[in-house]
Amino acid sequence: MKRKNNSKTAESLKNEIARGKPVFWANPAMIVSDVHDLPQKKINFTRTDIDEAEARLERFAPYIETAFPETRDSNGIIESPLKEIHKMKNYLLSVGEVVQGNLFLKCDSHLPISGSVKARGGIYEVLKYAEELALDAGLIKKCDNYSRFADDDFKKFFSGYSVAVGSTGNLGMSIGIISAKLGFKVDVHMSQDAKDWKKELLRRAGVNVVEYSGDYEKAVAEGRKLAEADPKCHFVDDENSQDLFLGYAVAGRRLAKQLRDRDISVSEATPLFVYIPCGVGGAPGGIAFGIKDEFGDNAHIYFAEPVQAPAMTLGLVTGLYEKISAQDVGLSGKTEADGLAVSRPSALVSPIMAEMLDGCFTVEDEELYPYLTNLAELEDIWVEPSACAAFPGPGIISENWDGLEEVKANHIIWATGGSAVPEDIMQEYYRRGKNKENFNGEE
Ligand SMILES: *Cc1c(COP(=O)(O)O)cnc(C)c1O
């Protein structure tokens, strides 16, 4: 089994991206292997950092279980199921998308507390901040039972501090819900793409929602500026945060365990392909890092982005990382996949991905809905449009690797959000996919 090289130069790919065409890019600079071997200079993280993040989440599990009873079954560990989706695979085959191997869905769409992938990194970062404050104040020791974080004296203590974040929506939901629960004051700076129902839900949870007419970058910049002026405010910086990254990275270990539990091995003869929707790159980057840490070269990771907001693809194809944006090449940055409505990739994550990512591809908005509708009908799994961006992955890969039929591959589509979407809005998404299917009757 072997990756094919790009058939196009970086320059011609960039031109296609600028014209809003769906593209595929195989990373020619992937040196990769095991993350432990990566040149120290670019990667600030080690396996020990993931150990620490994992241990912190375990310390907080008794608190999470107390504060969010829906996590009782998992003893306060925020995790999602891995499901094999046979029927969806058959659907993909029936419309001519070749899937060589088994197809799975990682259901972060159904993570407890906030119903999106942001329940990993976002909640982790706020817990870390709360722990630091409580340890410094002598309120708790690391060996104590952390369910005490739910006590009134902790809430009163945290009410003297605040948390702020800029977001297209889902990160704001995670940060807002956990921060308000702990007792922090919390400001969520929302971009224009953010859906009204997310703003309303947060306001009901006691969050101060600040709305901007500009895009995600503007909301982050404004939030950062306001927070910097206040020493008792912690700003969750989606474009640069190491804590978010490590919270996401813990997913690699959890996935490894889920695969072991199913007797699925990851080796040269049984490679793993993982496809993750990407916005600024923090969530998919952290997850990619965690997976590479587990499986090294036997895991192949691809990011999926909207054609109008290909932040990471553009940053990596040009090698300019965060120094180039969708608008710089004439794209709008707008997409119905609101979780992916980001024009410029993370400065922290893009250089790391330049070394370990297998590649990227972009998807047209209209393509997302038939995946959404079929997944709902065939598997009864309901996800949001952003979460569907990864579905073309296995088909694209089958054209860009040689010898896939000689191995036993497992493909994982990372479904990044959906269970928090209100019913009426989900039905609208569903109908859109249905209409599109009818329209393309011959498909
Ligand atoms: C945030 C988000 C992503 C991508 O995460 P980034 O860290 O922005 O790259 C993907 N899907 C959904 C539903 C999201 O909310």
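How many helices and strands are there in the chain? Hi everyone, the answer is 16 helices and 13 strands. Please keep in mind that this is a predicted model. The radius of gyration of the chain is 21 Å, close to the 22 Å that the globule rule gives for 443 residues, so the chain is as compact as a globular protein of that length. Along the principal axes, the C-alpha atoms fill a box of roughly 60 × 45 × 45 Å.

Of the 443 residues, 60% are buried. The chain exposes about 17,000 Å², with carbon and sulfur atoms supplying 47% of that area. If you take the contacts with a separation of 6 or more, 75% of them come from residues 24 or more positions apart.

Now let's zoom in on a strand. In a regular strand, side chains alternate between the two faces of the sheet. Are the faces of strand β8, residues 233-236, covered or open? Both are covered: Cys233 and Phe235 are buried on one side, and His234 and Val236 are buried on the other. Strand β8 pairs with β5, residues 162-167, in the parallel sense over four bridges. In that pairing, Ala164 stands opposite Phe235.

Next, a loop residue. Asn27 sits between β2 and α2, and it counts as buried because its relative accessibility is 2%, where the cut-off for buried is under 20%. Leaving aside residues up to four places away in sequence, Asn27 touches Arg3, Met353, Ala354, Glu355, Leu357, Asp358 and Gly359.

Finally, the aromatics. The count comes to 21 aromatic pairs. One of them is Phe24 with Tyr302, a tilted pair at 6.0 Å centre to centre with 35° between the planes. Phe24 lies in strand β2 and Tyr302 in strand β10, so this pair ties together parts that are 278 residues apart in sequence. Both Phe24 and Tyr302 are buried.

Another pair is Phe154 with Phe158: the ring centres are 6.4 Å apart and the planes are at 55°, so this pair is tilted. Phe154 and Phe158 are separated by about one helical turn, because they are four residues apart in helix α5. Both Phe154 and Phe158 are buried. They also belong to one aromatic cluster, whose members include Phe60, Tyr63, Tyr129 and Phe184.

That's my tour, and I'm happy to take questions.

Conventions
Residues numbered from 1 in each chain as written. Predicted model: local features only at pLDDT ≥ 70, side-chain atom pairs only at ≥ 80, totals over all residues. Heavy atoms only, no water. Buried < 20%, exposed > 50% of the residue type's maximum accessible area, 1.4 Å probe, protein only. Helix = DSSP H or I, 4+ residues; strand = E, 2+ residues; numbered from the N terminus. Pairing = 2+ DSSP bridges. Contact = heavy atoms within 4.5 Å. Rg over C-alpha atoms; globule rule 2.2 N^0.38 Å. Areas by Shrake-Rupley, 256 points an atom, 1.4 Å probe, with all protein chains shown as cover. Phe/Tyr/Trp six-rings, centres within 6.5 Å; stacked < 30°, edge-to-face > 60°.
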